[in-house]
Amino acid sequence: MGALSGLTGYMTLGLGAKPKPASVRISEKEALISKDSEGLMVGLDAKVSRTSSIEWPAPPEELGML
């Protein structure tokens with residue numbers, strides 16, 4: 001066994017793990033929902049409320065509204 005053989009559990013942590021969907025309320029009538037590296041604005045009727053989406057280079061870890 002090599003010197004690094006005990007690190008295999010550590011090295012595989014996070015590989016293949018999918019990011020969790022996240023959401024944040026934007027207004028009284030809309031919320032932003034992120035899935036993977038795309039964000040969609042959704043209305044109270046649970047339908048997409050805007051034709052454009054937000055694309056991130058990598059999935060966001062958290063969403064927040066200021």
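Ser 23 stands opposite Ile 33 in strand S2, where strands are DSSP runs (E, at least two residues) numbered from the N terminus. This is a predicted model, in which local features need pLDDT of at least 70, side-chain atom pairs count only at pLDDT 80 or more, and totals for chains, interfaces and linings use all residues. Residues are numbered from 1 along each chain as its sequence is written, and side-chain values use heavy atoms, with hydrogens and water left out.

**Sheet**
- S1 and S2 (residues 30-35) pair in the antiparallel sense over four bridges; pairing requires at least two DSSP bridges between two strands.
- The open sheet has four strands in the order S1-S2-S3-S4, with antiparallel pairing.
- S1 (22-25) and S4 stand at the edges with a single partner strand each, so one side of each has no neighbour in the sheet.

**Arg 50**
- Arg 50 lies in the loop between S3 (38-43) and S4 (54-55).
- Arg 50 is partly exposed at 43% relative accessible area (buried is under 20%, exposed over 50%, partly exposed in between; 1.4 Å probe, protein chains only).
- Leaving aside neighbours within four places in sequence, Arg 50 is in contact with Glu 30 and Met 41 (heavy atoms within 4.5 Å).
- The C-alpha atoms of Arg 50 and Glu 30 are 9.7 Å apart, with the residues 20 apart in sequence.

**Positive phi in loops**
- Asp 36, in the loop between S2 and S3, has phi near 55°, a positive value in a residue other than glycine.
- Ala 46, in the loop between S3 and S4, has phi near 65°, also positive and not in glycine.
- Asp 36 is partly exposed at 36% relative accessibility, and Ala 46 is exposed at 62%.
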